[in-house]
Amino acid sequence: MTKADEKFMQVNMGPQHPSTHGVLRLLVTTDGEVLSGVKPYIGYLHRALEKIAERVTYPQFTPFTDRLDYLASMNCNLAYAMTVEKLLNIEVPRRAQILRVIMAELNRISSHLIAFGSFSSDMGAFTPFLFGIREREFINDLFEIACGARLTYNYIRIGGVSKDIPGGFIEKTREFLDYFPAKIKEYNELLSYNAIFIKRLANIAVISPDDAFDYGITGPNLRASGIKWDLRREEPYLIYNELDFDVPVGKGEMGKTGDAWDRYMMRIYEMEQSAKIVRQCLDLLAPGDYTAKVSKVLKPPAGEVYVRAENPRGELGFYLISDGSTKPYRLKIRAPSFANLSIIPKLARGVMIADLIAIIGSMDIILPEIDR
Amino acid sequence: MTELINRILTGMSTTMPLTRLLITILIMVVSTAIVLAVSLLYEGFATYAERKVAGDIQARIGPNRVGPYGLLQFVADGVKLLLKEDIIPFYADRWLFIIAPYIVFTVSFAAFVPLSYSDHVSIANLNVGVLYMIAISSVVSMAILMGAWGSNNKWSLFGGMRAVAQIVSYEIPIVLSLLAAIIIPASLNLRDIIAYQSGGLGIFRWLVFNNPFTLIAFFVYFIAAIAEVNRTPFDIPEAESEIVAGYHTEYTGMRFAFFFMAEYGDMFVVSAIAATLFLGGWQIPFIGGIPMPVWLREVLQIGVFFTKVFLLIYVMMWIRWTLPRLRVDQLMELCWKYLTPIALFNLIGASVWVLLLHDKGVYDIIARVFTR
């Protein structure tokens with residue numbers, strides 16, 4: 001430590017800290033309340049998922065993808081299933097595609113609800129968190145009806161989905177969709193347009209479009225910076241090109257475009273759009289096969305594919321190399337949170353401790369995906 | 001209480017100085033024990049009330065397992081905290097660490113003493129009651145800093161520094177707004193101030209309705225008082241999501257409980273001051289003028305006083321579970337840029353009012369117009 005460093009204090013934030021969203025460790029250099037630097041240390045949740053992929057067969061890896069972003073397991077399942085299907089050239093039946101979209105969008109809503117809730121409790125308001133959990137519970141019930149699980153679903157499999165939805169699912173989902181818009185209004189009244197909340201977030205940690213590109217930021221965080229980039233629109237997969245939905249972008253309603261408030265608000269807007277998508281999908285749902293005919297032992301031809309999908313937290317990419325055996329030769333996971341985390345040291349220079357919490361919360365990172 | 005001692009002593013035949021001294025000490029110990037018991041009971045039920053109110057606001061039930069409606073939850077909590085291991089960190093400054101919670105608790109308990117609970121019930125009828133209350137509640141900041149520094153933990157230190165900055169700053173608008181009320185009855189004695197507010201159906205001569213300036217002073221006082229007791233949206237000294245638990249991060253078991261109970265004690269005290277100075281204290285509304293036995297009057301007065309205090313506490317809880325938290329610089333900005341100037345000009349306005357109209361409030365003026 002040099003003489004100049006002595007006036008700074010080094011504080012360890014995490015891995016056990018109430019608002020580092022898991023086991024993120026930040027080495028924070030502060031001068032009183034003002035930060036002069038932040039250094040993230042990751043790896044506390046490393047489970048060697050990429051290496052495990054080389055040891056298990058293709059279908060056996062699906063449950064591991066549940067553990068990537070555990071708040072959006074369906075989306076992770078989906079991206080992995082699409083990767084293997086591309087390698088194997090499997091055509092997924094239409095009903096399965098629609099079911100996948102329904103599940104992915106419902107999971108997007110439930111993931112954003114957690115993002116909304118945990119962000120509000122980071123900001124010191126505890127009630128919105130419980131409101132978010134209350135609505136998420138509804139979605140968890142829907143998933144439980146569909147696949148029996150409430151967190152790690154393992155529902156979207158290679159070739160389709162694990163089983164068809166049972167009776168009553170559609171009615172229940174419609175019930176949820178009728179109930180949900182009023183709740184979003186409630187969130188906005190309680191939190192989004194609260195004067196203190198806006199004061200805390202407007203003009204904080206502004207990500208310019210250039211920075212967003214440079215750091216590879218994706219998902220709602222990228223769109224908050226005013227860039228209209230959503231893989232569901234740009235590279236439509238499944239049946240997204242038939243669906244009518246908007247891609248919300250940040251407009252700097254309360255301050256500069258790309259500030260923490262914009263990033264927060266993207267999630268609220270996306271929940272509305274996802275609800276709209278689910279409603280359309282329920283109308284499109286026609287009888288049919290829920291899975292393609294997939295042989296028990298998958299032996300894809302040698303080759304490599306890269307597939308990416310729009311996850312609640314950004315682009316989840318799987319780069320898969322096959323050597324023609326029953327196991328992947330190499331699987332590289334491109335985790336959106338990893339890229340989103342990388343900009344935090346840049347944003348957190350010269351801000352206050354409370355702002356650092358706002359930055360982490362507004363980026364909505366999730367650690368199992370970063371550490372893999 | 002001095003009166004009580006004198007009355008008992010004059011009623012006794014003995015003139016032995018030692019006996020008189022012993023009796024005096026005995027009465028003091030008994031009355032202290034009564035205050036301690038009542039305040040502990042209140043603090044226990046206040047924690048229960050907080051959790052029930054929070055449950056109600058957050059669409060859940062709250063404690064309902066121990067005793068009828070979970071009423072005995074605080075007993076279970078107390079027992080649990082007593083049984084917890086009492087950890088004193090190795091690098092802590094033992095002396096400061098041990099003594100800090102006791103000071104915090106003693107101070108919050110000492111503030112119960114000059115309060116006037118009814119016409120005849122008060123522990124000490126201090127002629128500088130208001131001054132004593134303000135002075136004793138400032139000691140908390142010192143004790144908090146002792147605990148924070150003694151913990152030898154960086155998060156505690158952050159919390160301690162924040163607490164001191166906050167409490168010291170908010171003393172100023174508190175005192176200025178209290179002065180605007182005090183200059184009308186021209187007394188620092190809490191009992192005299194309440195006695196002054198009699199008449200007008202027991203409502204209209206409350207100091208809060210005396211003139212427009214006291215109304216503003218009431219709101220300034222209440223906002224500043226919430227900050228003084230470190231509750232959301234001003235709970236930055238113990239902001240869980242930012243600095244773990246603030247100044248009591250290292251405290252466990254009963255030592256933590258002392259800090260915790262002191263918070264509820266302080267809530268009672270600031271609400272009691274508001275009730276006494278602005279809301280007519282124990283003046284019974286509407287039926288105060290009807291002749292009734294002394295014991296009934298006393299009971300009613302105590303009931304009225306506690307009702308007013310608990311309503312104010314309820315408002316504090318309501319605010320806590322609704323609003324997000326301010327940032328530390330915004331908190332200071334609110335104090336120095338808004339509350340302090342408002343309170344200062346308000347005091348000038350109130351002084352001019354008193355200068356021109358003496359102690360005649362809006363009600364008196366209206367009443368005179370009608371009776372003429």
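Q: Before we start, what counts as a salt bridge here?
A: A side-chain nitrogen of Lys or Arg within 4 Å of a carboxyl oxygen of Asp or Glu. Keep in mind that this is a predicted model.

Q: Fine. How many salt bridges does that rule find across the interface of chain A and chain B?
A: The rule finds 3 there. One of them pairs B:Arg162 with A:Glu33, with the closest N and O atoms 2.5 Å apart.

Q: And how many residue pairs are in polar contact between the two chains?
A: The count is 9 residue pairs, both residues being at pLDDT 80 or more.

Q: Which elements of chain A touch chain B?
A: Those giving two or more residues are strand S1 (9-13) and helices H4 (94-122), H5 (127-147), H6 (169-192), H7 (195-201) and H14 (353-363). S1(A) gives the largest share, 5 residues.

Q: What is the make-up of that side by class?
A: On chain A it has 18 nonpolar, 10 polar and 6 charged residues.

Q: How much area is buried between chain A and chain B?
A: About 2700 Å², with carbon and sulfur atoms giving 64% of it. On the chain A side, A:Phe126, A:Ile196 and A:Lys199 lose the most area to chain B, together 20% of what that side buries.

Q: How many residues are in contact on each side?
A: 34 residues of chain A and 26 residues of chain B.

Q: Switching to H4(A): what span should its 29 residues have?
A: At 1.5 Å a residue, H4(A) should span 42 Å, and its end C-alpha atoms are 42 Å apart, so the two agree.

Q: How many of its residues are buried?
A: In H4(A), 28 of 29. A:Gly124, which follows H4(A), has a positive phi, near 95 degrees.

Conventions: Residues numbered from 1 in each chain as written. Chains lettered and ligands numbered in written order. Predicted model: local features only at pLDDT ≥ 70, side-chain atom pairs only at ≥ 80, totals over all residues. Heavy atoms only, no water. Contact = heavy atoms within 4.5 Å. Buried area = accessible area lost by both parts, 1.4 Å probe. Polar contact = N/O pair within 3.5 Å; in protein donor to acceptor, adjacent residues only side chain to side chain. Helix = DSSP H or I, 4+ residues; strand = E, 2+ residues; numbered from the N terminus. Nonpolar A, V, L, I, M, F, W, Y, C, P; charged D, E, K, R; others polar. Expected span 1.5 Å × (residues − 1). Buried < 20%, exposed > 50% of the residue type's maximum accessible area, 1.4 Å probe, protein only.
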